[in-house]
Structure formats: C-alpha cells, structure tokens
Amino acid sequence: IMQETLSSSRDRRDLAEDTKNQGEVVIPPWDEARRYMRYATAVYGQAMIRAAELDARGKIDGRLQTVTKERISEHIGVPADDIVLMDVDFGGDSQHLRHFVAVDHVNKKVVLSIRGTFSLSEVFVNVAGFSREFCGGQGHSEMATMAERVWDAAGPTVCQLLDNNKGYDVVLAGHSLGAGCACLLNIMCHQNNNQLVNGRNVQCFAYAAPPVFAPLEFVPRAVQSATNYIHEGDTVPFLSVHSVRHCFASIRTIEYFKAKLTRTDRAKILMGITKPPRELIEAVMQASNAPLEPKQGSPLLMIPAATSVWLKEDSKSGLFSFRVCEPRRLARLGILFHKKMLTDHFPTRYESALDNIVSEGNERTK
C-alpha cells in the first residue's frame, strides 16, 4: 500500500527539491564529499573499510587484522602519524560514540570523524527519540547528549591541534547517528562566534543524517556550513518521532479499511494479484500528510544542513542524478517502506556512489 501511495505522487526528490533557490545553492565539490565519506567509513573499522573498497573499487583486502592507524591512514589518504586521536575500540568507553581525529595538512583541516551504531535496530530505536532544549532550540535528546560527550572526549585534542596549526579549519564528518551527532556538534561549534573552536571556521559533512534540530532559523550560520547526503531509498534521514506518528496514523487507516475487505480480497492484495482500492490509497496519503496534534517533546525536527544532496542511480545507464533538497520540505516527506530502505543506508553504498561520481567525472553526472 505504501508503494502504491508513492506511485501516486511524483519522485520523492521532486517533493523535497529546493526550487526557490535554484542557481544560488552551492554544494561542496564531489571530491570533498567523497574524501570525508571515507573518513565516515573508516571510523567503523576494518570490516567496513574492506567492504567499501570491494563495493566502490573492486579491491579485495584479504589481510586479517584489527583496525589500526595504518589501515585508517590507507583509506583516508592521511599519514598514520597525523591520526592524532583514535577511539574506535569496541571495548572502549560506551558513554560516547567512537571517533578519531586527524590532521589533513594538504587541505589544512582538522577532521573529527564520528561513528554511528552498527545495529540497524538501534538506529530505529535511537532516532525515534524525543527532543530537549539545545543551543536555543530543540535537539534530539540522545544525540545532543552524545554530541556533548564526544566533544568532552575529543574537543581538547581538536583545540590543541588548532593552536599548533595556524590557519587550519575544522571538519566534522559522520554517517547515520554519527552524522546526526556531527550536525549537533556543528551547531555547538558555531555558538558565540565559534568560541568552542578558537574562532576557526567549521564545516560539516553528514551522510544519512536523521532529523535532529528545530527551528533552523535559530542557527543560520551552522546550517549554512553543513551539507547532508542521501543515497537512493535510505530511510534514516526521514526517521523522527514526528514521522513515526504519521506512520502510525497511516497504519490505523489501513487497519480500518482492512476490516471492510473480505478475506479473499485481502489475500489477493497481499499476493499482488490485485492492487489496493483507490479509496484506501487516497486515505493513506491523507493520513500521512494530515497535521498532527502537538505533542511535547516531538516537534518537527529537521536535518540542520542548508542542503541535502539526494543521489539516485539510473538502473539502465548507471548514471547518478542528484537533487538539492530543502531541509523543511525534506522533513515533511515521512518514512518510505521498500525493499532497499535498509541496504541503501550502509556506508559502503554511500562511498560507492560518490566514488562513481568522482571517477566518471562531471560529464557522466546529470
């Protein structure tokens, strides 16, 4: 029924596209997006690095080893000695997300890469959490706490590196819950004229970030410094208490209509022999878009990035198209259920897509 509902509308990317500011929006160069996606992959460890290299570049690494500075160094293209802080051990402190800090002397950046969780079940549970006061607005409660804890652990190292490297800026990178944490930390870093990072510029590269903050008008500088990327049908960028409430409203509508169908009709719909009644599809569409009664702790959170670059591969040509999406329109799309909603979320898929775009060049990018 959800698939039929989608087919009754345009491409979901069309519904979220930033049509007002076309021609004015500037997204980071593709090689930068790929560079920091590799940081976001590397913080997951050896298995994810190996999978990404196989998926994106057909490279098979048969070495049996735990994640080391040298292995991360190979993947991100920075000397091992410049990976200054590495907290990626599964047996480490469970009070904050795993992360590492590296100095990129070529590009004059101090990079903090933050890892999300390995379990998709944890993603669903953690993302659909309530909000609390954060930097003048409302932030996702659990991820706001994690952002604060990551900075407690990594902040002193980042600031020391900035003191030692005049003119260097800060880059925050992360995937999934790590991306949500990076977005909130980006907001923290932009408070009080970037006092937290000694007045240096901060840029955030988020991949599959969930909605974590509102209203965006309260943190304009932080929003303008962040870019989020969405791969194909990844569902995590649409997971929030608000979207889950809409999902339940749709399910209640389906349950109501199901009682009016015969057992035979339900079986035919289940097996794909017949399509759901048009009346049911329209009712589900209405329920999924109807205004919700305000509920404390569940505002309409958004991804605090000026743009979300939504990637999609053409099944025939293999070309990637992209749409630059506006965060407020994106937040209202809700959850899409389909067979690739989880696999499209994996870091390897993001890295493969960006690697494809960079390798083929602009002439193969629509």
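Me: In which helix is Thr41 found?
Reply: This is a predicted model. Look for the run of residues 30-42. Thr41 is found in that run, which is helix H3.

Me: Is Thr41 buried or exposed?
Reply: The relative accessible area of Thr41 is 0%. Buried means under 20%. Therefore Thr41 counts as buried.

Me: Which side chain does a polar contact join to that of Thr41?
Reply: The contact spans 2.8 Å. A polar contact needs N or O atoms within 3.5 Å. The partner of Thr41 is Glu351.

Me: Are H3 and H5 roughly parallel or roughly antiparallel?
Reply: Helix H5 covers residues 69-76. The axes of H3 and H5 come within 9 Å and cross at roughly 155 degrees. Angles over 145 degrees count as roughly antiparallel. So H3 and H5 are roughly antiparallel.

Me: Which residues of H5 make the contact with H3?
Reply: From H3, the contact uses Arg38, Tyr39, Thr41 and Ala42. From H5, the residues are Ile72, His75 and Ile76.

Me: Which residue in E5 is the bridge partner of Ser131?
Reply: E4 pairs with E5 (residues 137-140) over four bridges. The pairing is antiparallel. In E5, the bridge partner of Ser131 is His140.

Terms used: Residues numbered from 1 in each chain as written. Predicted model: local features only at pLDDT ≥ 70, side-chain atom pairs only at ≥ 80, totals over all residues. Heavy atoms only, no water. Helix = DSSP H or I, 4+ residues; strand = E, 2+ residues; numbered from the N terminus. Buried < 20%, exposed > 50% of the residue type's maximum accessible area, 1.4 Å probe, protein only. Polar contact = N/O pair within 3.5 Å; in protein donor to acceptor, adjacent residues only side chain to side chain. Pairing = 2+ DSSP bridges. Axes fitted to C-alpha atoms, helices over the stretch in contact; angles between N-to-C directions. Parallel < 35°, antiparallel > 145°, perpendicular 65-115°, else oblique. Contact = heavy atoms within 4.5 Å.
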